[in-house]
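This report describes selected features of one protein model. Please look at the sequence and the model before reading on.

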Amino acid sequence: MTCNEEINNPEDKTSGKGTATKYKIHKKRWLSLRSEEQWWVSLVTLTVLAAITRQTSLDEPPGTLWDEVHFGTFANHYINRNFYHDVHPPLGKMVIAGAAWLAGYNGTFDFQGSSIYTRDLNYVALRSMMAVLGSMLVPLSFLLVWELSTSLTAAGLAALCVLTDTFVHRLNTLILLDPLLLVTILASVYGITKFHNQRHRAWSSAWWWWLCFTGMSLGTVMSIKYVGAFTVLYVGLHTAYQLFCIAADTNTPLLQVLPHTAARAAALIILPTAVYLTTFVIHFSILTQWDVNGGGLYHTKFFLAFNGTEYDNATFPKYVHYGANVTIQSSRPICGYLESWYDLFPSELTAPCQQVTTSTIRDNETVMWTIKKVDIDAGSVVDGKDPLQEALLVRNGDYVMLTHAATGRSLRSHGHRAPITKRHYQVCGYGDDGAGGPFETWELLVPGTKVGEPLQVVEHDFLLRHYKINCFLKGNEKVVLPKEWAFNGAKEVTCTRNMEQPGTEWHINWNVSPKLKEKVMVKDMALGLWDKIIHQHLNMFISNSLLVGTEEEAEHSARPWMWPILWRIQMMGTYVVNKTSGRMEKVVGEYVPQGTTEKGVFSVGMTNPFLTYLNLVCLIGVLVLSLAHSYCNSRCPQENPHNAGVRRKALVACWWLAGCWAIHYLPFFFMSRVLYYHHYCPAYLFSCMITGVLLSWVSEAVAGAVRKAWQKTVKWSLLLLTSTALVCSYAFFWPLATHIKGEIFEANPRVNSGLDYFYIGQLWPEFGYRKSEYVSIVSTIIEKWSEGLLDNPDLNATLYYLTQLNYTAHNPGNIHPVHASNFSLWRPSTLNHAYLP
């Protein structure tokens with residue numbers, strides 16, 4: 001595509017003139033009056049169909065699906081004005097909270113996995129509002145493809161592809177960020193395309209409007225999820241291309257590049273940044289209360305800025321004296337408080353001394369430390385506890401010893417390697433009753449302050465350098481210790497030779513210095529608004545880097561190569577039906593309530609299989625068509641110029657859309673975090689549009705190959721056949737777009753018999769449940785044990801048993817019991833992890 005060529009702009013290229021009556025005045029415009037009517041009929045019809053289909057079956061299942069748990073919980077926080085921690089910017093969650101408030105919700109429902117919604121939450125109204133946003137994807141797809149191709153058939157087919165996809169339908173009718181995210185992504189791409197098509201009307205009101213519209217859309221998409229950065233990248237590359245075209249135009253003075261660059265910088269950088277920051281200002285103006293014990297996730301200065309904390313009316317000395325009891329917190333977000341307890345490190349991993357870790361949950365018994373002064377010259381320790389002795393302040397450059405108040409063991413490092421991070425030295429608790437020596441001695445350093453300056457509580461971030469090894473105390477937010485031998489959630493603390501590593505700075509979080517009478521209000525040290533915004537971003541970026549997922553989540557995740565071929569889908573939620581009440585009940589993990597039938601309702605995230613593989617074929621088809629176009633240009637000089645022009649126009653549209661697809665898809669290959677199928681949705685939308693453009697060109701190309709009298713018939717027959725196939729596949733796989741009713745334990749629950757024709761390899765391993773995956777542990781009261789009890793089929797006596805792979809409701813098969821390891825240790829109880837009839 002050359003710089004002087006339009007991106008198939010249907011509008012007037014003359015500047016300064018209105019376009020309201022262009023179709024009626026000029027005969028040689030892109031659209032006739034009749035075509036304009038067809039255009040509006042197509043757009044309105046597709047929009048109405050999108051609105052109607054998205055408003056169906058919103059009440060099923062009547063409980064939380066997928067991440068409705070998270071975003072419903074965030075709505076609770078906004079309604080109750082309680083601060084929360086999350087990895088995403090706040091705009092999308094504020095929109096959900098606003099929708100919940102409009103639906104009359106009071107913020108009291110406890111969002112848990114597979115929880116049935118109660119009457120105080122009008123979840124149907126809330127899902128309906130999300131569906132309204134989701135339905136906008138169809139007209140936006142139509143408008144975007146129209147701007148790229150000026151083909152009504154291409155725009156209509158592209159919008160129809162988006163309309164008839166099952167996962168786009170399902171995802172956009174739930175209480176999730178995705179409806180708003182996908183709409184703003186398409187709005188941003190549509191805005192920059194529409195703006196580019198106004199370039200012959202530079203500096204006009206329409207030119208400015210679409211430029212600012214694009215900037216507002218970019219600010220919105222970045223305020224919802226950071227995946228919007230891919231959209232920003234596309235708009236940035238598109239803008240660079242525009243500026244290159246201006247600079248390369250010999251009819252335009254080179255200095256014109258400067259005002260064009262300034263205008264784009266103002267609208268596409270400054271304006272989006274203003275929108276983005278405004279969402280955080282609103283976010284912090286709403287959330288003023290602290291709700292949970294999670295202060296360890298943030299620096300104390302940030303924590304102080306909220307109401308409802310232990311610091312509300314707290315005062316303590318500004319400085320610290322030796323002998324004081326203090327709590328120490330890492331200045332690195334997510335790390336938490338320095339803590340210890342009596343448990344030892346496993347001897348097979350490192351030296352078996354007392355564990356020292358960090359935790360984001362404050363427990364005063366584990367996080368309190370007594371600070372003592374070490375006199376290096378005298379080789380003695382001053383504990384500062386003598387009440388007659390004058391208060392001796394802790395100062396920058398002092399050598400100190402930190403003794404754990406509850407256990408009496410001192411903070412130590414030595415030559416042993418850390419249990420997990422082997423390149424660092426171990427940090428642990430050592431000695432009895434506060435005893436210590438050179439290996440328990442640390443130099444306290446406050447960067448940026450003079451030697452001898454008193455250490456300030458909260459305000460000063462300090463380093464602890466080991467006296468003997470010359471390493472620095474470090475908290476690591478990424479290394480969670482195994483819960484088999486450490487408290488659940490405890491993170492590793494090590495000693496590193498590299499003082500520049502993150503996590504080496506600490507601060508005094510709480511101060512008990514009784515010898516110092518002059519006290520300050522701790523709340524006065526709180527961060528201001530802009531400092532809170534900066535700190536919040538640091539927390540979000542660190543948290544995003546930690547999204548590696550559990551082993552269970554990794555098993556259900558899907559890598560990017562799986563997405564275009566439907567290798568693995570997404571289970572959204574499962575419910576079973578109670579025999580007695582007839583109501584649905586939740587499935588928690590592998591637990592199915594007793595008294596339930598095998599019939600249930602479940603929802604899956606799976607794109608329309610027919611459309612998915614059609615998109616894949618069309619993506620490959622773009623490459624084939626590009627090679628064919630290049631060949632025809634060089635080897636077929638007698639080719640009809642009209643056919644070549646139509647093919648070129650279709651290819652230009654496809655390659656712009658392919659660029660969007662690649663930018664929103666390929667970066668995921670370089671991410672180590674847990675990924676799911678819904679991450680493919682932005683790219684999938686663009687692949688649907690490519691399909692619409694390519695199928696439209698195919699219909700015209702085939703029609704052009706027949707006699708002129710038959711061309712219209714052939715073209716519209718092909719278009720009708722394609723549209724019918726898309727609509728029929730949508731109806732065929734309709735349960736995928738809403739919910740599925742069937743046997744929960746069926747080996748392969750079928751939506752219909754045709755689904756199996758799309759089976760490839762490991763396709764849809766999460767689709768349904770299999771009884772072979774369920775283990776039941778039962779303990780029964782036995783007065784007298786004997787081996788003969790195993791022969792009693794009506795008695796399960798403290799046995800583990802596993803159902804066979806071929807287990808079905810009609811063919812239960814045989815159960816092979818296994819003896820418990822030690823029968824005498826079991827107590828009478830029943831622990832059903834699955835109900836087997």
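## Basis of the model

The model is predicted: local features are reported only at pLDDT of at least 70 and side-chain atom pairs only at pLDDT 80 or more, while totals for chains, interfaces and linings use all residues. Residues are numbered from 1 along each chain as its sequence is written, and side-chain values use heavy atoms, with hydrogens and water left out.

## The chain as a whole

The protein chain has 21 helices and 24 strands. These elements are DSSP runs numbered from the N terminus, with helices (H or I) of at least four residues and strands (E) of at least two. Of its 837 residues, 54% count as buried. Buried means under 20% relative accessible area, exposed means over 50%, and partly exposed lies in between, with a 1.4 Å probe and protein chains only.

Contact here means heavy atoms within 4.5 Å. Among contacts in the protein chain with a separation of 6 or more, 75% are between residues 24 or more positions apart.

## Strand E11 and its partners

Two strands are taken as paired if DSSP finds at least two bridges between them. Strand E10 (residues 410-417) is joined to E11 by 5 bridges, and the two run antiparallel. In this pairing Ser-413 stands opposite Val-427 of E11.

Strand E6 (residues 354-359) also runs antiparallel to E11, with 2 bridges between them. Strand E15 (residues 491-496) pairs with E11 in the antiparallel sense, again over 2 bridges. Here Tyr-425 stands opposite Cys-495 in E15.

## Gln-355

Gln-355 is found in strand E6, and its bridge partner in E11 is Cys-428. What is the relative accessible area of Gln-355? The value is 0%, so Gln-355 counts as buried.

The side chain of Gln-355 has two polar contacts to backbone oxygens: one to Leu-344 at 2.9 Å and one to Trp-485 at 2.9 Å. A polar contact is a pair of N or O atoms within 3.5 Å; within protein, one must be able to donate a hydrogen and the other to accept it, and residues adjacent in sequence count only if both atoms are side-chain atoms. Leaving aside neighbours within four places in sequence, the residues in contact with Gln-355 include Glu-339, Trp-341, Phe-345 and Ala-486.

## Helices H5 and H6

Helix H5 (residues 123-135) and helix H6 (residues 137-149) have axes that come within 5 Å and cross at roughly 10 degrees. The axes are lines fitted to C-alpha atoms, for helices over the stretch in contact, and angles run from 0 to 180 degrees between N-to-C directions. H5 and H6 are therefore roughly parallel to each other; angles under 35 degrees count as roughly parallel, over 145 as roughly antiparallel, 65 to 115 as roughly perpendicular and the rest as oblique. Leu-133, Gly-134 and Ser-135 of H5 make the contact with Leu-137, Val-138 and Pro-139 of H6. These residues divide into 4 nonpolar, 2 polar and no charged. Ala, Val, Leu, Ile, Met, Phe, Trp, Tyr, Cys and Pro count as nonpolar, Asp, Glu, Lys and Arg as charged, and the others, Gly among them, as polar.

Leu-143 lies in H6 and is buried, with a relative accessible area of 19%. Leu-143 touches Trp-39, Leu-43 and Tyr-190, not counting residues up to four places away in sequence. Its C-alpha atom is 9.7 Å from that of Ala-187, 44 residues apart along the chain.

## Lys-478 in strand E14

Lys-478 is found in strand E14 (residues 472-480). Is Lys-478 buried or exposed? At 54% relative accessibility, Lys-478 counts as exposed. Leaving aside neighbours within four places in sequence, Lys-478 is in contact with Ser-545 and Leu-546. Lys-478 and Ser-543 are 65 residues apart in sequence, with a C-alpha to C-alpha distance of 9.4 Å.

## Backbone exceptions

Most residues other than glycine have a negative phi, and most peptide bonds are trans. A cis peptide bond joins Glu-60 and Pro-61, with omega about -15 degrees. Pro-61 lies in the loop between helix H2 (33-54) and helix H3 (68-80).

Ser-57 is found in the loop between H2 and H3 and has a positive phi of about 55 degrees although it is not a glycine. Ser-57 counts as partly exposed, at 25% relative accessibility. Asn-470, in the loop between strand E13 (463-466) and E14, has a positive phi of about 60 degrees and is not a glycine. Asn-470 counts as partly exposed, at 42% relative accessibility.
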